[in-house]
Amino acid sequence: MKTQVAIIGAGPSGLLLGQLLHKAGIRTLIIERQTPEYVLGRIRAGILESGTVSLLREAGVAQRMDSEGLVHHGVEFIFDGKRIPVALSELTGGKSVMVYGQTEVTRDLMQARSDCGAPTIYGVQQVAIHDAKSDHPFVTFEKEGEKCRIECDFIAGCDGFHGVSRQSIPREVIREYESIWPFGWLGLLADTPPVNPELIYAHHERGFVLCSQRSLTRSRYYLQVPLSEQVESWNDDRFWSELKRRLPDELATKLVTGHSLEKSIAPLRSYVVEPMQYGKLFLVGDAAHIVPPTGAKGLNLAASDVNYLWRILTQYYQHGRSDLLATYSRLALNRVWKGERFSWFMTHLLHDFQEKSDFDRKMQEADRQYYLGSRAGMMTIAENYVGLPYEKVGV
Ligand SMILES: Cc1cc2nc3c(=O)[nH]c(=O)nc-3n(C[C@H](O)[C@H](O)[C@H](O)COP(=O)(O)OP(=O)(O)OC[C@H]3O[C@@H](n4cnc5c(N)ncnc54)[C@H](O)[C@@H]3O)c2cc1C
């Protein structure tokens, strides 16, 4: 098999990159370890930054998002039972976020790819990257026992944190930065109306709570839990009653409970690998970085990487700009580190840390008072939450 860009992984970053490159007339072949049903069954992100929304529109896959997604102009914080609205649009010159689930984004991208006849091979095994430093890189894999080979110009490693792409880079040329957080998030998805029109990030002495949503009839709630917790110990009743205990009375009484569609515990991790490029191999999205979900940045950083790589490859194929290829890692990482910083900041601000010293607790409290008690502080939160601007490519 031959293509211009071989893409490993059909998650949101692989599919979005494939769609944007296809629109630019660049041939791609995507290989994915799982089945399409499995990929669509993963319940993950739900908040799209304004830049991600624009990119999906540019990719021509925004029709359903624009009619079914919910534009949010604000978000709410709760500390010591006090509700503090943050007017995102007013503080950012009119920007907003879009509530539209990652599953739906993936479904739209899959549909677009199948409509345009661009190839995706699902259920592949033994994926390996070869000669990434040469002018003739290639990817091998097995499909139903048959050995296959893709010859290509470039390889996009969009295969998530546990994929092969990052692991194919010699350890001596990369540097990893990591912080593991001492708690996890227990998430529950239910077909119930959200407790509040806007998302709520609540700090409570029993632990952090996020009241999120996927639509006007589908809610996603998260509870901070110790890493030792097992999801099996949390039946729906226990989840709902703990959630109510961590919310102010007026919200707890309004909360509509129901049968869970999904329940899982996600550990929280901050991770970045540098550089994000090795010869003709580019790392994209979770393959290169992970954030705790507190800032709603994981999917948005994946889209940000796609934005840079798509523009660089388009300039390369359409205008011979081979000089831009080496700029990918720097451009992507500049924004990744800002997203990491915001996610780290929000996680510190909002969670209960058992092991914090009294001094650190006072610092956390002062941070809350400053960031949510002044316009300057709220502006900082708002501009990061709606998404920082992308840098220009090739100037
Ligand atoms: C439980 C959970 C909750 C989350 N919640 C949020 C949230 O609220 N907000 C937010 O912004 N982000 C959230 N995230 C993060 C967000 O979902 C990810 O950042 C996003 O999925 C990254 O997209 P990706 O395409 O880079 O990686 P992935 O979505 O991981 O996709 C990678 C794809 O590569 C495939 N693959 C892996 N290995 C191979 C291989 N060897 N060969 C071929 N294919 C392979 C995988 O099957 C997968 O389909 C959450 C993540 C998790 C796990």
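Reader: Which residues of α1 are buried?

Author: Helices here are DSSP runs of H or I with at least four residues, strands are runs of E with at least two, and both are numbered from the N terminus. Buried means under 20% relative accessible area, exposed means over 50%, and partly exposed lies in between, with a 1.4 Å probe and protein chains only. Helix α1 covers residues 12-23, and 10 of its 12 residues are buried. They are P12, S13, G14, L15, L16, L17, G18, Q19, L20 and L21.

Reader: Before we go on, what kind of model is this?

Author: Residues are numbered from 1 along each chain as its sequence is written, and side-chain values use heavy atoms, with hydrogens and water left out. Local features need pLDDT of at least 70, side-chain atom pairs count only at pLDDT 80 or more, and totals for chains, interfaces and linings use all residues, since the model is predicted.

Reader: What covers the buried residues of α1?

Author: Contact means heavy atoms within 4.5 Å. By that criterion, the cover of the buried residues of α1 includes helices as well as strands, namely α3 (50-58), α6, α9 (298-319), β12 (154-157), β1 and β2.

Reader: How far does α1 reach from its first C-alpha to its last?

Author: The expected span of a helix is 1.5 Å times one less than its number of residues. For the 12 residues of α1 this expectation is 16 Å, and the helix comes close to it. Just after α1, G25 takes a positive phi of about 80°. The reach of α1 itself is 16 Å.

Reader: Which strands are the edges of the open sheet of 8 strands?

Author: The sheet has mixed pairing, and its order is β6-β5-β14-β15-β16-β13-β17-β20. An edge strand pairs on one side only, and here the edges are β6 (82-86) and β20 (289-290).

Reader: What is the bridge partner of I180 in β17?

Author: Strand β13 (residues 175-190) and strand β17 (residues 260-274) pair in the antiparallel sense over 13 bridges. Helix α10 (residues 328-350) lies across both of these strands, as well as β5, β14 and β20. Within β17, the bridge partner of I180 is R269.

Reader: Is R335 buried or exposed?

Author: R335 is found in helix α10, and, not counting residues up to four places away in sequence, it touches E49, N300, L301, S304, Y308, G387, L388, P389 and Y390. Because its relative accessible area is 6%, R335 counts as buried.

Reader: What is the relative accessibility of D367?

Author: D367 is found in helix α11 (residues 358-373) and touches L349 and L372, not counting residues up to four places away in sequence. Its C-alpha atom is separated by 9.6 Å from that of F345, which is 22 residues apart along the chain. D367 counts as partly exposed because its relative accessibility is 34%.

Reader: Which residues come nearest to the ligand?

Author: A residue is near a molecule if one of its heavy atoms lies within 4 Å of it. There are 27 residues around the ligand, and those that come nearest are S13, E32, R42, Q102 and D286.

Reader: How far does a backbone N or O atom of G298 lie from an oxygen atom of the ligand?

Author: A polar contact is a pair of N or O atoms within 3.5 Å; within protein, one must be able to donate a hydrogen and the other to accept it, and residues adjacent in sequence count only if both atoms are side-chain atoms. A backbone N or O atom of K297 lies 3.4 Å from an oxygen atom of the ligand, and for L299 the distance is 3.2 Å. For G298 it is 3.0 Å.

Definitions and conventions
Two strands pair if DSSP finds at least two bridges between them. Axes are lines fitted to C-alpha atoms, for helices over the stretch in contact, and angles run from 0 to 180 degrees between N-to-C directions.
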